[in-house]
Each structure stands twice: as structure tokens, then as C-alpha cells.
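Student: Could we go through this structure together, beginning with the sheets and then moving on to the helices?
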Amino acid sequence: MSETKILLGNEAIARGAYEAGVKVSSAYPGTPSTEVSEALAKYEEVYAEWAPNEKVATEVALGASISGVRSMCAMKHVGLNVAADPLYTAAYTGVRGGMVLVVADDPGMYSSQNEQDTRMVARAAMVPVIEPSDSSEAKEFMKYAYTLSEQYDTPVILRTTTRLSHSQGLVSLEDRCVPEDRPYERDAAKYVMMPGNAIRRHVVVEERLKKLAEDACGLFLNRAEYRDLSVGFITCGIAYQYVREAMPEASVLKLGLVNPLPRKLIEEFAAKVDRLYIFEELEPVIEEQVKAWGISKAVGKEIFTIQGEYSANLLRERVLGEKLEFAPEKDVPPRPPILCPGCPHRSVFTALKKLKIRAAGDIGCYTLGAVAPLGVIDTTICMGASISTLHGMEKAKGKDYVKDWVAVIGDSTFMHTGVNSLMNMAYNQATGTVIILDNSTTGMTGHQDHAATGKTLKGEIVPAISIPALCRAMGISHVREVSAFDQEELEKVIREETQADALSVIIAEAPCALLKGMVFPNKCRPDTEKCKKCGACLKPGCPALTRREDGTIAIDETMCNGCTLCMQLCKFDAIKLVKAGE
Amino acid sequence: MESRNIMIVGVGGQGTLLTSRILGKLATEAGYDVKLSEVHGMAQRGGSVVTFVRYGEKVAEPIVEEGQADVLIAFERLEALRYLHFLKKDGVIVVNDWRIDPITVVTGAASYPEGILERLRESHPTIAVKAMDEAKKLGTPKAFNVVVLGAAARHMSFSKEQWIHVIETTVPPKTVEINLRAFEAGYSLSV
């Protein structure tokens, strides 16, 4: 088979896992990593699942590996923090079947809360990192990651970035080749990490990395391309493409294995070129090591940035000294992302705003509740943090302090780690109020199922974990379920529960407006005669509503989903619900 | 051949992703090396969205940088203006004559600029199409992006047959006919 296909970087990674004979995959969605698992799940031969979080996913993959098959887990960069616990010790145990963690960094923070560099975590955890530069390499390197994992008896990280994950390129497809399952043998000294065993394994980890660093000089993953010797670049990942674009004549040492580094190869390259640049996005991981080896002519973050994405224009400016003046047009109003028309979060935030209640926020589309015109979210840290930060506030300032506070968290984020935080509140006798924005999906990453939706990644229908029952099982008696679109009821329940001296969970339910299969039989339509031009309906910032030149309201019926929020806010009965198409 | 650099810009939800994929497939089938770059995640939610398509003998970077675009395809007027500085000096604009107010305009924090089409025309050759009207005439407002693509087709190095073939094999089977008509509408508009 020699078919060539255009594939997303993430699809190419999945294809690599498939061709390498991966049998088990576990992941939690997170932009820009999500499509890896979705693409892999499409192959019948592979078991692929959504796990509640990245720690669970990594342990599932490790278990599969210990049992003797090749496995994968995938996550975004901050997901690796959640998975750090198993990762650091998996480096000690090593693997039986090859195991690869696909980790996607987000330089430029297109959809993330920080810009951390996975290579730093990998160095601390003493785990090898492979980094491809395009879709074609993504597939090749992913396959090779399994060879490396088994050869050196270690989990391997395949690092990608948003630009690589979400760009498409040509990939030639090959057949799947499944290695024989390795037979299980009890090996407690290797897999039971109690101090006596771990002390010995730590020695193994150090020796393994040293050996790999030596071997890395001969690995095909690392490649010296000698052209014009007056200028050379050491680079990796997508940054390699920018070098080829801006300076096609320059010599390049392209690193595909970015941890550990091939010292001899780097020293050799450095000696051959006159000027040497280290061109790597995010942290100066390569640069600091190269400089520590005494290669003092290397230039890196002195002229390139630690923040954001790189580009060919960056090289043209900083290395070639070209003056690039591209003036963006003036008076172009920004167009930030917003909650969709018919989004249930908008309705809940509208009620909170009216009641002058602040919210400790979490990770999801609903983080947009922090910005105008809603502006009710005051904190957003990481997955699950809304509930625990609210608890911290109460314990710091007392129960009255949190009477005008709530935590808001999505259903998927609640299942991810929010549930642990809620257990903590129940156990430690908190009185705060938690609102679970239950839209029946993992919204922002593009609608993935989870344990409380009743459907698996493979599309199987399974019993859903009941969020209200889960909360009640913690001994919480104030568990209220309300429709996310019922303003009156929302206000009443939020008022009651924030005032109550008891821990409460309010589950605001309504499916995400973008969920597949959603039908909206009704549309909201303004009655211009009755409209008093007060603008109350405009306040929540629904994109379907605009003000006409005469001050009355227009509703774009191609956008409107008939959620009735604007209708409920109108005191003059000037918005009606009509059947779509009438 | 030096690579051709196409930018597709619009508002999250307008179908820039699908359009860039049609274009990517077209260039692949024509035998070029192709790279595409997309934006997923939070930025898709009604925000300003940009995708890049590059094709040629050998393509290195997957993005189109400032001053490098041959064709700027915009699904909304303001977005054309926002990315105008990405065009080469001899670049071409194909813009859907359509307005979507950003939230900053809806809330009154900013105003929607007047005379965008004039500003675009002063800067570069500009083809403005009322794609939404054309698509509505066909009974499918959603097909407006294929109308725009039809108008842009004359500025790329593919035959009309190649375009028709890629549309037939990319869009859902039920929508082939309507999409072909949408393409034809755009194609004839840009003469």
C-alpha cells in the first residue's frame, strides 16, 4: 500500500500509532491534542477511550504496556501536569510493550491558560522526547517512538505544538504491523516502586539516558544538513520549517530527539559553521545545554523570543536584518471569541450578574464569562480549581464571605478533577455554592463525550454516571437541578443556595447549542411596535441581536436558536417565540 | 514553481475550515506539495478566524506570513480589512460583501468601520461578491462560502473541471448539486 493522503498533524500521529500496532489508547481531550485520539478511535483494531483525566489516561496506557502491548495516551501540555505523578515513576519502571505519551504544547496560547514547555517537564522526569516537523514526520517519528520505547525500556514523549497538530501535509500511508504481545512475567523489582526497588531503578534511569544521549548522534531522528557554512541553525519541530523558508541556503542541524541531546553531533556542527543560532520555540532548552558545554558562539534567546510562535519573518528581521513594515489597518475593532447564540452559559451568567454574584471560574468555553459584557468570573487557574479556590476563600474569610460567590464548572471539567475538590468541600464542612454548568459534553475542544454523557469515544452507548447522584453520595443534601434557560428559577435557586449555611450544588442543565443532532424548532422575533429601545435584551451579548439605526432590536434568525433569554429579559413583551421558517 | 499562498479569513463558524480543506484537496489532487494551517479551540467561538493554504513544488512552513499572501479570501468585510497587510503587493482580494458585528460593536465599545470595500479597492484589486444573496437565491444560505470560493477560483491555477471534481468528492453527497450551483454562481460573478 502506498497511498498518499493529506493529513492533519494530529491525524498523522494517530496513523503512526495505528501502523505501529498500538492496541490501547486513553486520553482526556485538550486543544491542540484532541484529534489524535479521535482519529485513532476510527481504527477498528485499536481500543481507544476518553478517560476522566490525564493521570488516569497515563496509568491506563502504562497498565496496557506492562501487560505487554503497545499503548498511547494523549494530552495537552497542561494535561501533562495532571499526569506528572505516573509519568515520573513510569520513567523508573520502564515499559514492557512500547508506550508513548503524545503531548501538545501551545506556543501563542491559542486555547490555553499557560505556555509551558513540555521538554522542561520531560527533562525533570528523565523521559526521552521526540519532536517532528510536519505531518509526514509526525507519522514516521510516532512509529519510531515505539521502537525507541522498547529498545531503551522507557516511556517516550512525542511532543507536538499547535501549529504542527493543526496543520495538514502529505503523508504516505503504510500497513499496520502489530508486534507479538510480550508475555507477562512478574518482575516486582521493576514494577513495584517501593524504596528498595526504586533506589536501584533510579540508577537504571540515569544510565539509560546517558546511553541514549550517546546513541542519539547516530539516530536518523537527528540530521545535519550542510549547505552554506557561514551560518548554521540548531532547530527542532515547526521552527525548522521557518528556517527552511527564510534561509534555504543555511546549514541546519535538525533535532528530532530533543531529550536527551546528541552532544557530539552538536559540537561537530558548531565547529563547522561560522555563526551559530539556536532556533527553538518557547524555553531555551537546547540553548542552555549547548552553552553549558562551552559553545559560546551560540546565539538564541538574546535575539529570539521565549513567548509566542516563531515565523520566517522573525528570522528575516533578527538574522537577515531586513526591515519588515507591515502596518495593520487602523480602526479595525477586535473580534474576540464569544459564547454562541443559544449558549446555556450566557443565561446562567446573566442571572449571576443580576444577583451581583462573583464566580470562581474553571477551564472551558464558560471562561468567556470573565469578559464583557458578562464579566462575572473573577478567577481561572486550571482544571477543577473553581471549587477548591472557592473553598480556600471560605476557610480564609468565613462563610459569610462566600455568600456572594459561587464556583462555576462544566460537566466534563467536574468529572476531570472538580469531583475531588467537591469531596474536599463536603469533608471539610464548607458552605459554599457550586454551579455545575451541565451542557452534556466537553464543549470547547469540539464535543467529546465523558463518563456522565452515556457514550464512549468508540460511540458505544453506556450507562451515564449521574452527576446529581454522585454529589448526593458525598453526603451533600442541597443538590438542585434547574434548567439553564429559566431565568426566574435560576435566580431563585442561586439566591436561596448562596444564602444557605450549607454546601450546595446547583446543576444548571441544557445541552450545548452546537451539539450534534440539536434541533431548534423556534426562533425569537422582535415586535418593533412594542420595542421601547431599552436595550435590556442586548446586555448578555448574544451575537444574534443587534440594534437597528432607529434604536429598535433586530434578531438574525439564521443565528438565533430560540433560547428565549432575550425574551425573558424584555419587560415590554416585545420579543415573541415563533416557529422557525414562519 | 514558487508556492502559491492563499488565506481564508472569516468569523468562527462561517466554514473557513471546510473551505481550506476543499482547497487543500484540490491542490493535492493536482499533484502539488500542499500544507494547510487551521485554528481550533477557543478561537473558533465567533472570533476572528484565519486558515492558510500553501501549494507548490515544495512547501516548507504551513503558514502564510505578513506580506506573503497571493489571494485573500474573506467571508466578511471587516475580516478582509484586518488581514489586508498579509497580502503581497500584487495580491488579490475576494471578499464576501457581508457584515457581522463583533461583540465590541454590539456592546457599543467600538464602531464598525464605514467604506471598507473602498479601502480594500484602493489598496489591491478587489472582487466583492454578495455571496449570501446568491446562496439565498439557491435556497441554501449556508452554501455562501462555496459561492465565494467560486469567485476566487479564477485566481488560482486550477481548471474549472478540477474544481467541480473536488467539490463532488468533498461535500456530503446530498449537498453536491447545491454546492456545484453555488460554485457556478460565484464563478460567473467574478468575470
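Tutor: A definition comes first: two strands pair if DSSP finds at least two bridges between them. Helices (H or I, at least four residues) and strands (E, at least two) are DSSP runs, numbered from the N terminus. This is a predicted model, in which local features need pLDDT of at least 70 and side-chain atom pairs count only at pLDDT 80 or more, while totals for chains, interfaces and linings use all residues. Residues are numbered from 1 along each chain as its sequence is written, chains are lettered from A and ligands numbered from 1 in the order in which they are written, and side-chain values use heavy atoms, with hydrogens and water left out.

Student: How is chain A divided?
Tutor: Chain A has domain 1 (3-217), domain 2 (223-327), domain 3 (344-509) and domain 4 (522-579). The domain bounds come from an automatic or database domain assignment.

Student: In what order do the strands of the open sheet with 5 strands lie?
Tutor: The order in chain A is β9-β11-β10-β13-β14, and the pairing is mixed. At the edges are β9 (223-225) and β14 (298-299) of chain A, each of which pairs on one side only.

Student: In which sense do β13(A) and β14(A) pair?
Tutor: Strand β13 (residues 275-279) of chain A pairs with β14(A) in the parallel sense, over 2 bridges. Within that pair, A:Y277 is opposite A:V299 of β14(A).

Student: And which strands does α12(A) lie across?
Tutor: Helix α12 (residues 263-272) of chain A lies across β9, β10 (228-236), β11 (250-255) and β13 of chain A, at about 170 degrees to β11(A). Such angles run from 0 to 180 degrees between N-to-C directions, and axes are lines fitted to C-alpha atoms, for helices over the stretch in contact. Helix α13 (residues 285-292) of chain A lies across β10, β11, β13 and β14 of chain A, and runs at about 140 degrees to β13(A).

Student: At what angle does α6(A) pack with α13(A)?
Tutor: Helix α6 (residues 118-125) of chain A packs with α13(A) at about 55 degrees, their axes being 9 Å apart. The pair is therefore oblique; angles under 35 degrees count as roughly parallel, over 145 as roughly antiparallel, 65 to 115 as roughly perpendicular and the rest as oblique.

Student: Which residues meet there?
Tutor: A:R119, A:M120 and A:R123 of α6(A) meet A:V285, A:I286 and A:Q289 of α13(A). Contact means heavy atoms within 4.5 Å.

Student: Now α3(A) and α5(A): how far apart are their axes?
Tutor: The axes of helix α3 (residues 54-66) and helix α5 (residues 84-93) of chain A are 10 Å apart, and the helices pack at about 15 degrees. The two helices are therefore roughly parallel to each other. From α3(A), A:K55, A:T58, A:E59 and A:L62 meet A:P86, A:A90 and A:T93 of α5(A).

Student: Changing topic, what is the strand order in the open sheet of 6 strands?
Tutor: That sheet of chain A has the order β16-β15-β17-β18-β20-β19, with parallel pairing. Its edge strands are β16 (377-379) and β19 (478-483) of chain A. Neighbouring strands are turned by 30 degrees against each other on average, direction ignored.

Student: Which helix touches β17, β18 and β20 of chain A?
Tutor: Helix α17 (residues 411-427) of chain A packs on the sheet and touches β17 (405-410), β18 (433-438) and β20 (504-509). Helix α19 (residues 487-499) of chain A lies across β17, β18, β19 and β20, at about 165 degrees to β19(A).
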